[in-house]
Amino acid sequence: MKWLFWLSGGLVVYSLAGYAGWLRLRVLWRSRPVMRGAFTPHVSIVMVVRNEERILESKLNNLMSLEYPADRYEIVVVSDGSTDRTEEILREQARDPRICVVLNQLGQGKASGLNDAIAHAQGEIVVFTDARQKIEPAAVRILAENFADPEVGCASGELMLGDASKGESGEGLGLYWRVEKRVRELESASGSVVGATGALYAARRELLTPVPQGTILDDVFLPMQVVRQGKRVIFDGRARAWDDPNLGAGREFSRKVRTLSGNYQLVQMAPWLLGASNPIRFEFISHKLLRLVVPFALAILLLSSLALHGSFYRIALIAQLVFYALSVVSLSQIASSGSLVRVADAAGTFVLLNGAAVVALANFMSGRKAAWR
């Protein structure tokens with residue numbers, strides 16, 4: 001029982017902090033700075049939408065006002081089976097020569113829409129974005145600077161959770177994203193990032209491969225294909241997109257289940273990710289796959305703490321029970337302010353994300369498909 005306690009505890013600690021610590025040591029030992037420079041290649045900004053009438057015009061206005069030479073970029077929008085006013089809005093916007101519209105009325109899924117968008121893209125660099133997030137004016141120019149380095153094949157921007165005028169949220173999922181971005185920064189500083197930020201990333205068009213039908217995590221699949229071809233995937237926190245951190249616990253939970261289900265799907269559809277042909281296999285396992293095991297390791301840690309005797313194990317048990325009690329405070333919204341709430345909010349987010357990993361495994365084993373978004 002003791003070895004179960006220490007093994008599960010070690011796995012949890014490594015996943016939460018040990019991997020980041022190892023990356024920090026690697027940066028000190030083998031830093032790989034990106035050779036950025038002034039670079040304005042022709043860029044294609046691609047976006048796949050479905051039933052986005054509420055926010056589509058605002059997003060297109062956002063993209064049309066970027067600080068990038070107007071004659072050096074185009075916008076390719078694919079409507080995937082929209083049934084609201086999305087297609088009508090796109091037809092109106094297509095009067096602008098910079099906007100290319102593809103109407104896919106069959107609704108074949110986002111992966112198919114991305115393939116259509118890439119096929120229509122004319123730019124040397126393809127920038128991927130989603131409808132909901134707003135991109136900062138300089139974001140595309142900043143991403144393009146990274147491609148002055150011939151070793152860079154893909155550049156990921158940063159997703160900010162909060163209001164651009166007030167700053168990023170430091171609670172709940174905002175805290176989770178800050179930790180996640182630190183890991184990405186360390187991966188980038190010494191090698192390649194495992195995946196990209198779906199709200200904003202760019203890649204050399206020549207390195208893009210077709211996205212398999214039904215792929216959930218195109219923002220991991222495509223960057224990993226870039227790495228496989230010998231190029232780097234880097235993270236540039238100067239290129240930013242903003243999103244609302246308060247979409248509701250239910251929606252955030254569903255979105256996280258979808259993301260974690262995508263990790264299982266990736267291993268199934270691309271087994272080479274676990275083989276020697278993946279140059280960042282260790283990083284992929286540490287960053288993506290171990291997170292899927294953490295909730296089960298937590299359960300073993302709690303049960304073994306209950307079974308073991310001794311003051312150390314009693315303290316470990318009490319600490320876990322207090323932590324989970326705080327998560328209940330957060331998820332039930334018993335309190336609304338104070339330092340305790342901030343701690344409880346972090347605990348609640350942690351439990352929420354690990355609960356999503358359990359549901360993701362159940363969905364994967366039962367064959368339940370994830371939603372389009």
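1. Strand 6 (residues 152–163) runs parallel to strand 9 (residues 232–243), and eight bridges join the two. Within this pairing, E158 stands opposite R240 of strand 9. Two strands are taken to pair if DSSP finds at least two bridges between them; helices (H or I, at least four residues) and strands (E, at least two) are DSSP runs, numbered from the N terminus. The model is a predicted one, in which local features need pLDDT of at least 70 and side-chain atom pairs count only at pLDDT 80 or more, while totals for chains, interfaces and linings use all residues. Residues are numbered from 1 along each chain as its sequence is written, and side-chain values use heavy atoms, with hydrogens and water left out.

2. Strand 9 also pairs with strand 5 (residues 134–135), here in the antiparallel sense and through two bridges. K134 stands opposite W242 of strand 9. Nine of the twelve residues of strand 9 are buried, so the strand is largely enclosed by the rest of the structure. Buried means under 20% relative accessible area, exposed over 50%, and partly exposed in between (1.4 Å probe, protein chains only).

3. Helix 7 (residues 218–228) is mostly covered, with ten of its eleven residues buried. Among them are D218, D219 and Q225, together with F221, L222 and M224. Just after this helix, G230 adopts a positive phi of about 90°. The charged end of R228 sits over the ring of W272, 4.2 Å from the ring centre; the criterion is NZ of Lys or CZ of Arg within 6 Å of the ring centre and within 35 degrees of the ring normal.

4. Helix 7 is also one of the elements that cover the buried residues of helix 4, as are strand 1 (43–49), strand 2 (73–80), strand 3 (99–104) and strand 4 (125–129). In helix 4 (residues 110–120), the buried residues are K110, A111, S112, G113, L114, A117 and I118.

5. The largest nonpolar core has 45 residues, of which V46, F128, L208, L222, M224 and L273 touch the most other members. Its largest share, six residues, comes from helix 7. Apart from this core lies another, of 42 residues, including V34, L60, I99 and I142. Such a core is a set of buried Ala, Val, Leu, Ile, Met, Phe, Trp, Tyr and Cys residues joined through side-chain atoms within 4.5 Å. Leaving aside neighbours within four places in sequence, L273 is in contact (heavy atoms within 4.5 Å) with M224, L266, N278, R281 and F284.

6. The aromatic pairs number 14. Y264 and F364 form a stacked pair, 5.2 Å centre to centre with 20° between the planes. Y264 belongs to helix 8 (residues 249–269) and F364 to helix 11 (residues 339–366), so the pair ties together parts that are 100 residues apart in sequence. Y264 is buried at 15% relative accessible area, whereas F364 is partly exposed at 31%. The rings of F323 and Y324 are edge-to-face, because their centres are 5.7 Å apart and their planes at 75°. Rings of Phe, Tyr and Trp (its six-membered ring) pair if their centres lie within 6.5 Å; planes under 30 degrees apart count as stacked, over 60 as edge-to-face and the rest as tilted.

7. Ring pairs link F5, W6, F312 and Y313 into a cluster. F5 is also touched by S304, which touches M1 as well, not counting residues up to four places away in sequence. S304 is found in helix 9 (residues 281–307) and is buried, with a relative accessible area of 1%.
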